[in-house]
Amino acid sequence: MAEAPMRWRIGGCHCGAVRFEVLAPDEVEAKECNCTICRKAGYLHLIVEKERFRIVQGADKIATYSFNTGTAKHHFCSVCGVKSFYVPRSKPDGYSVNLRCLDDGEVRVARVVPFDGRNWEQAFTAAQGMV
Ligand SMILES: [Zn+2]
């Protein structure tokens, strides 16, 4: 999948205030996490290097929530409350994009891989080398 041609895909929050782009191939593998916050939001992760992500609109509308270790920065739109991307604990120098927030037809989710965020330390250790 690494050799698949990539292009910038656009997405955003519900109200349209926050828009972002992520460099991704046509087909991606999503991660679905069962931690306290991801489960409630139904978040589908695409985790990327920071160079593959850019905010195109609404940086001034973004609010941030942190909890537990405080490593993850849960950015959400201060108007509609939707978290379309954030800085994940598993990759604090990159971004996790919510695949559910990409515009229709931007990417196809080929596979959904579970991540046991409820037991974060063990799951993170087990996942090393898989990404
Ligand atoms: Zn919004």
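The structure is a predicted model. Its protein chain contains 2 helices and 10 strands, and along the sequence these elements follow the pattern β-β-β-α-β-β-β-β-β-β-β-α. The C-alpha trace spans about 35 × 35 × 25 Å along its principal axes. For 131 residues, a compact globule would have a radius of gyration near 14 Å, and the protein chain agrees with this, having 14 Å.

Among contacts with a separation of 6 or more, 59% join residues 24 or more positions apart. Of the 131 residues, 39% count as buried. The protein chain exposes about 7,400 Å², and carbon and sulfur atoms supply 51% of that area.

Attention now turns to the zinc ion. Its protein donors are the SG atoms of Cys13, Cys15, Cys77 and Cys80, which lie 2.3 to 2.4 Å from the ion. The angles among the 4 donor atoms run from 105 to 116°, and the site is tetrahedral. Along the chain, the donors follow the spacing C-x1-C-x61-C-x2-C. Within this set, the pair Cys15 and Cys80 links distant parts of the chain, the two residues being 65 residues apart. Cys15 lies in the loop between strand E1 (7-12) and strand E2 (19-24), while Cys80 lies in the loop between strand E7 (74-77) and strand E8 (85-86).

How values were computed
Residues are numbered from 1 along each chain as its sequence is written. This is a predicted model: local features need pLDDT of at least 70, side-chain atom pairs count only at pLDDT 80 or more; totals for chains, interfaces and linings use all residues. Side-chain values use heavy atoms; hydrogens and water are left out. Donors are N, O and S atoms within 2.8 Å of the metal (3.2 Å for Na, K and Ca); water is not among the atoms, so sites may look incomplete. Four donors count as tetrahedral if all angles lie between 85 and 135 degrees; four count as square planar and six as octahedral if opposite donors are over 155 degrees apart and all others between 65 and 115; anything else is irregular. Helices (H or I, at least four residues) and strands (E, at least two) are DSSP runs, numbered from the N terminus. The radius of gyration is taken over C-alpha atoms; the globule rule is 2.2 Å times the number of residues to the power 0.38. Buried means under 20% relative accessible area, exposed over 50%, partly exposed in between (1.4 Å probe, protein chains only). Contact means heavy atoms within 4.5 Å. Accessible areas come from the Shrake-Rupley method with a 1.4 Å probe; for residues, only the protein chains shown count as cover.
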